[in-house]
Amino acid sequence: MARTIAKDHDQKRAQILKSAARVFAREGFDRASMTQLARECGISKANIYHYYDSKDAILFDILETYLHDLRDRICGIEIDGLSGPQRLHTVVREILLAYQGVDDEHRVQTSGMSALPAEQQKQLRGYQRDMIGFLSDILNGIAPETFAGNPGKLRGATMSVFGMLNWYYMWNSGADTAAREDYARMVSDLTLHGLKGL
């Protein structure tokens with residue numbers, strides 16, 4: 001007879017992922033143990049193994065959940081009817097707001113993805129490519145003459161914007177919504193003025 005799924009299954013799974021992200025971010029994926037994860041979660045190792053059969057499975061689920069949700073949130077932004085600069089600011093702002101409260105997941109993404117099998121990395125990088133392409137199209141729409149026939153320059157500009165956003169947690173951890181909105185405006189303005197000089 002199949003085992004029934006507890007009513008709080010999804011809640012406990014989310015708790016494990018959040019706690020594991022904290023441990024992986026603090027200790028590093030290679031050094032973290034299932035014992036540490038259990039202690040951080042406040043449950044037994046046996047209980048964790050009820051949900052995940054390995055540390056690697058937990059790592060993949062952390063990143064798959066995080067990047068899938070992030071991709072859907074960013075690429076699902078309604079930007080029709082907005083000018084190019086408005087589109088840029090809207091997307092940059094939403095990215096920074098989406099990063100709020102997920103510093104641990106962000107660190108794990110940066111440092112832990114390479115520990116996964118190639119096929120899983122390919123899936124996760126697909127989510128990243130979707131977001132890069134979304135922002136790239138916005139930048140190209142703002143300054144098509146700058147990037148005409150030069151995809152390398154467009155990619156460089158796109159990754160520069162993500163670079164300004166992706167390391168925000170390193171020097172402004174715990175920034176509130178207002179601070180993130182202020183920084184989003186700064187990044188948007190720097191990008192718009194920079195595109196004029198490329």
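What share of the 198 residues in the protein is buried? Buried residues make up 42% of them, where buried means under 20% relative accessible area, exposed means over 50% and partly exposed is in between (1.4 Å probe, protein chains only).

A quick word on the model. It's a predicted one, so local features need pLDDT of at least 70 and side-chain atom pairs count only at pLDDT 80 or more, while totals for chains, interfaces and linings use all residues. Residues are numbered from 1 along each chain as its sequence is written, and side-chain values use heavy atoms, with hydrogens and water left out.

Now for the fold. You'll find 11 helices and 0 strands in the protein; these are DSSP runs numbered from the N terminus, with helices being H or I of at least four residues and strands E of at least two. The C-alpha trace spans about 60 × 35 × 30 Å along its principal axes. Take the contacts (heavy atoms within 4.5 Å) between residues at least 6 apart in sequence: 69% of them join residues at least 24 apart.

On to the cysteines. Here are two of them:

| Residue | Relative accessible area | Class |
|---|---|---|
| Cys41 | 6% | buried |
| Cys75 | 26% | partly exposed |

A disulfide is a covalent bond between the sulfur atoms of two cysteines. Counting one takes a pair of cysteine sulfur atoms within 2.5 Å, and the structure holds 0 disulfides.

Last, the surface. The accessible surface of the protein comes to about 10700 Å², and 51% of that belongs to carbon and sulfur atoms; the areas come from the Shrake-Rupley method with a 1.4 Å probe, and for residues only the protein chains shown count as cover.
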